[in-house]
Amino acid sequence: RRGPGGGRALLGAVLLCVCWRAAAERLRYAIPEELGRGSLVGPLARDLGLSADELPARKLRVTSAGKKQLKYFTVNEENGNLYVNERLDREEMCGESATCSVSFEALVHNPLNVFHVEVAIEDVNDNSPAFSKAVLELEIGELIPPGARFPLETAQDADVGSNSLLTYQLTSDPSFSLALKDSPGGKKQPELVLERALDREKQSSFELVLTALDGGDPVRSGTVQVRINVTDANDNPPVFSKSVYEARVSENLPAGSLVLQVVATDADAGSNGRIFYSFGNIPERVRASFTVDSDSGEIRTAGPLDFEEKNKYSFGMEARDGGGLTGHCEVQIEVTDENDNAPEITLLSLSSPVPEDVPAGTVVALLNVNDPDSGENGQVSCELSGEAPLSIVASSGGSYKVVTASALDREQASEHRVTVVARDRGRPALWSRAELALEVSDVNDNAPVFEEAAYSAYVAENNAAGALVLRVQARDADAGANGRVSYWLAGGSAGAAGAAPLVSVEARSGALYAQRSLDYEQCREFAVAVRAQDGGAPARSSTATVRVFVLDRNDNAPRVLWPAAGAAGGAAGAASAAAPFEVVPRSAEAGYLVAKVVAVDADAGRNAWLSYELVQASEPALFRVGLHSGEVRTARAVSERDAAKQRVVAVVKDHGQPALSATATLHVVLAESLQEALPELSERPAGAEAPAAELQFYLVLALALLSALFLLSVALAVLARLRRA
């Protein structure tokens, strides 16, 4: 189909490829058709302002709502140039349309943006004019006068513009010439002109060649043979009532619907005046869309018409009488649009998941909405339905951006589902919807939060080392490593300088354990600060205070402060010579205060509540001890019969479980005064004199031995001097 030199012309057209910006986000290129695969369309990345270093991160690619648009072009990932991916045939892509272009979107990421790209396909003269028949048969009566005109079939050229403007030439013959009649649309209608009268007896037929030439460079041509038969009488060709018939029909008419009727008349009579209607040289698409009744001239739809595929038909009609004479007219049918197409929503790109800390206005999705209808039927508006912090913004070329309307918070909603509703302005309006699911990825924007700002724990003293004290817990609303919490001791009064802390914390569970046994009497309470830290980068943390109260246990027996000699807790042993004593006059009445036992307990609470009891006395009925005061008083009046020396043993008990106790021994002398009591105190019991006598014996013996040794030493010294002398 390409003539000599056509390849060089196409190559030159590639080098002259035009690119310009149509708007802030629109690019337009113009290339000739018939380019081979791999031909350069334009430096797309450079025209979008992207450098070669940015290409890997920006991820430039092309996308479109229609799959067929994408098959024609591709983007090189290394240099960002736009190339032809498949051979382009303008006639196949756009048919008879005066303009032809392919539109698609160029997507770039980081940040996400969309650019509308339009590539205009320019026509090249790659199609020759063609006639529908190889031979045109004409019958002309010999009585027809010179000057009569006979319309000939027009040729068809699939090209557009100047490449489809046809002129005609006819081989030279003295009986005929060619005239070109202007028809609507700027086309030329070839007509055969009879130059002189015909004589069937001299020449009954003529063979001519009609050549159609287009306006391309180089010129292409097509030929058809014109065979003329000279007949006897048919001297009037059919004549249409109009040279051009026009009609407007709505698309989606059912098959067989009447479009219009053409009418031709013939002045001849009989079979020469009978007219038959048929299509002229028309494309196959017209034959598939319409039928003509050969007798009535009614043109009807052969199938449903589609405004979106073709909205205007122009073709020729032929009327032929029984004698072979023909007449021609042109039919123009305009198809009007109906709102029979709902908007089509195509998701071009979706950034999911999206970090929750993206600023408001960030593009998260790109959509293309296309309605093939025209006018108000093709005007589309989009909106979002659903509760989500998202909004939709119109972009160029039927594209829409879904952007964040406000800050996102994954902890409140980890996924947002919205419905994109596209509605046209037709009557009735048609609409379509598409679901969008946007996942929100986590950012470490939440610090761990303890269940309580301050914790209190109670531990009984004398606990085992490693005993569980308390378990703290902090929750982090983030996910993954950002929400994984570990625990650390951040300080407090749990350990003195140079000493190991009293507690430790397990990093994963938050359990606090005692490092050693606690003693209530040494430390009654202490506080530690526990820090909860997540695994994010940078990490976030919070602190809680744990106050540990040591509970007392009854681990200390009462200690007797007075009388001191009886402070040993145990049995009631014999009193020593230094044991304290109290003097009670024999005239003392009942209730006389003899002494007061004073004791303390290092424990606390009930463990330190002391009670006193009399457990042993020389005269049990003579004394009593106050249960809570420890006061030793006479239970009755002292009598002369009572022994002068009395021994009283009291026990001091706490209220712990089990109870601990200590004893106090008190010596009482019944005498009116201290002088009277001294003799009683100087007397010692027999058991006490024996040790004193024994001690005296050993002392005398030791003195005697020392004296003997001294005398012996003196004697030896004298003897030694005498010997030397």
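1. Strands β12 (residues 176-183) and β13 run antiparallel and are joined by eight bridges. Two strands count as paired here if DSSP finds at least two bridges between them. Strands themselves are DSSP runs of E with at least two residues, helices are runs of H or I with at least four residues, and both are numbered from the N terminus. In this pair, Ser183 stands opposite Lys187 of β13.

2. The model is predicted: local features need pLDDT of at least 70 and side-chain atom pairs count only at pLDDT 80 or more, while totals for chains, interfaces and linings use all residues. Residues are numbered from 1 along each chain as its sequence is written, and side-chain values use heavy atoms, with hydrogens and water left out.

3. Strand β10 (residues 149-151) pairs with β13 in the antiparallel sense over three bridges. Within that pairing, Arg149 has Val193 of β13 as its bridge partner. Of the eight residues in β13, six are buried, and the strand is mostly covered. Buried means under 20% relative accessible area, exposed means over 50%, and partly exposed lies in between (1.4 Å probe, protein chains only).

4. The sheet β3-β6-β5 is open, has three strands in that order and pairs in the antiparallel sense. Its edges are β3 (40-42) and β5 (73-75); each has a single partner strand, so one side of each is left without a neighbour in the sheet. On average, neighbouring strands of this sheet are turned by 35° against each other, direction ignored. For such angles, axes are lines fitted to C-alpha atoms, for helices over the stretch in contact, and angles run from 0 to 180 degrees between N-to-C directions. Two bridges join β3 to strand β6 (residues 82-84), the two running antiparallel. Leu40 stands opposite Tyr83 in β6.

5. Another open sheet of three strands has the order β35-β39-β38, again with antiparallel pairing. Its edge strands are β35 (468-471) and β38 (503-505), each pairing on one side only. Strand β39 (residues 511-514) pairs with β38 over three bridges in the antiparallel sense, and Val503 stands opposite Ala514 of β39.

6. A search of the whole structure for cavities of 30 Å³ or more finds one. A cavity is a set of points, on a 1 Å grid over the protein atoms alone, where a 1.4 Å probe fits but cannot get out; lining residues have an atom within 4 Å of a point. Grid points are joined across faces, edges and corners, and a volume is the space filled by probe spheres set on the points. The largest cavity holds about 30 Å³ of space. Its lining consists of Leu350, Val364, Leu390, Val402, Val418, Leu436, Ala437 and Leu438. Strand β32 (residues 431-441) gives the most to this lining, with three residues. By class, the lining has eight nonpolar residues, no polar and no charged. In this scheme Ala, Val, Leu, Ile, Met, Phe, Trp, Tyr, Cys and Pro are nonpolar, Asp, Glu, Lys and Arg are charged, and the others, Gly among them, are polar.

7. Two cis peptide bonds deserve a look. The bond from Trp562 to Pro563 is cis, with omega near -5°; Pro563 lies in the loop between β42 (559-562) and β43 (581-584). Gln657 and Pro658 are also joined by a cis bond, with omega about 0°. Pro658 sits in the loop between β49 (645-653) and β50 (661-670).

8. Positive phi values come next. Asn110 is not a glycine, yet its phi is positive, about 55°. Asn110 is placed in the loop between β7 (101-108) and β8 (113-122) and, at 54% relative accessibility, counts as exposed. Asn252 also has a positive phi, near 65°, and is a residue other than glycine. Asn252 is in the loop between β17 (244-250) and β18 (258-261), and its 38% relative accessibility makes it partly exposed.

9. Ala595 is found in strand β44 (residues 593-596). At 7% relative accessibility, Ala595 counts as buried.

10. The UniProt annotation "transmembrane region", from an unreviewed entry, covers residues 697-720. UniProt positions are given in the numbering used here, feature names are shortened, and annotations may be inferred rather than shown by experiment. In the model, residues 697-720 are 100% helix and 0% strand, and the end C-alpha atoms are 35 Å apart.

Terms used. On a 1 Å grid over the protein atoms alone, a cavity is a set of points where a 1.4 Å probe fits but cannot get out, and a pocket is an open set with protein on both sides within 12 Å along at least five of seven lines; lining residues have an atom within 4 Å of a point.
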